[in-house]
Amino acid sequence: MLLNIIPFVHLSLQEVIQAGDVVIDATAGNGHDTAFLARQVGTNGRVFAFDLQHEALANTHQLLCRQQLDTQVSLIHASHAEVAQYVSAGVRAAIFNCGYLPGADKKFTTTAASTLAALQSVLAIMLAGGRIGVVLYPGHEAGRIETKAVLDWAAQLSQQQVAVLRYGFINRVHQAPFALILEKLLWS
Ligand SMILES: C[S@@+](CC[C@H](N)C(=O)[O-])C[C@H]1O[C@@H](n2cnc3c(N)ncnc32)[C@H](O)[C@@H]1O
């Protein structure tokens, strides 16, 4: 059976992450992606997980503690647009699971401006061979604008520097979410 969007993104990142790596979760939310990354990097690695909402970071902390993954994670209450203030180099992988937290305040949705600023910053501090997984949700208004902005930006990246893959189901109703995988190429 074909992999759904999030499992595909996880698998794509798992292929490049090694124990001890530095990785980023740009949108911690309820912590599922943070926990996945924490398992991959192990206790010698580090996950920097960002969210604007206290509630999201609290949920993430709880999940990490339950799974004994909290020691390798730094939870950061800030916009991912400020990532360069917290991480300076050597990033192997990052995940941007965009949009808003289901059931929470929709005003805390990711935006074209913050997502693009963060993607550019993360790409700049990423190791060659590293990957970024971006999950986009064009089914709501802010998501539609963000999706177009991210697609326009990604499409103009130099193919010598970054490989960009789009993964999604084209016969699903209601503007289904899809993923981009960006791989920073070895010679860039
Ligand atoms: C779809 S949820 C993330 C799901 C999450 N990765 C998980 O595994 O449960 C999107 C999250 O992005 C957060 N968010 C929105 N704008 C943000 C920003 N500029 N910086 C960091 N987090 C942001 C929201 O607060 C929300 O928790």
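This is a predicted model: local features need pLDDT of at least 70, side-chain atom pairs count only at pLDDT 80 or more; totals for chains, interfaces and linings use all residues.
On the ground rules, residues are numbered from 1 along each chain as its sequence is written, and side-chain values use heavy atoms, without hydrogens or water. Local features need pLDDT of at least 70, side-chain atom pairs count only at pLDDT 80 or more, and totals for chains, interfaces and linings use all residues.

I'll start with Asp-21. It lies in the loop between helix H1 (5–14) and strand E1 (22–25); helices (H or I, at least four residues) and strands (E, at least two) are DSSP runs numbered from the N terminus. Asp-21 is buried, at 8% relative accessible area, where buried means under 20% with a 1.4 Å probe, protein chains only. Its side chain makes a polar contact of 2.8 Å with that of Arg-92; such a contact is a pair of N or O atoms within 3.5 Å, one able to donate a hydrogen and the other to accept it, and residues adjacent in sequence count only if both atoms are side-chain atoms.

Next, the strand residue. Ile-181 sits in E7 (residues 178–184) and is buried too, at 6%. Leaving out residues up to four places away in sequence, it touches, among others, Phe-8, Val-9 and Ser-12, with contact meaning heavy atoms within 4.5 Å. Ile-181 and Leu-69 are 112 residues apart in sequence and 25 Å apart in space, C-alpha to C-alpha.

Which residues of H1 meet H2 (residues 32–41)? Ile-6, His-10, Leu-13 and Gln-14 do, against Asp-33, Phe-36, Leu-37 and Gln-40 of H2.

Terms used
Buried means under 20% relative accessible area, exposed over 50%, partly exposed in between (1.4 Å probe, protein chains only).
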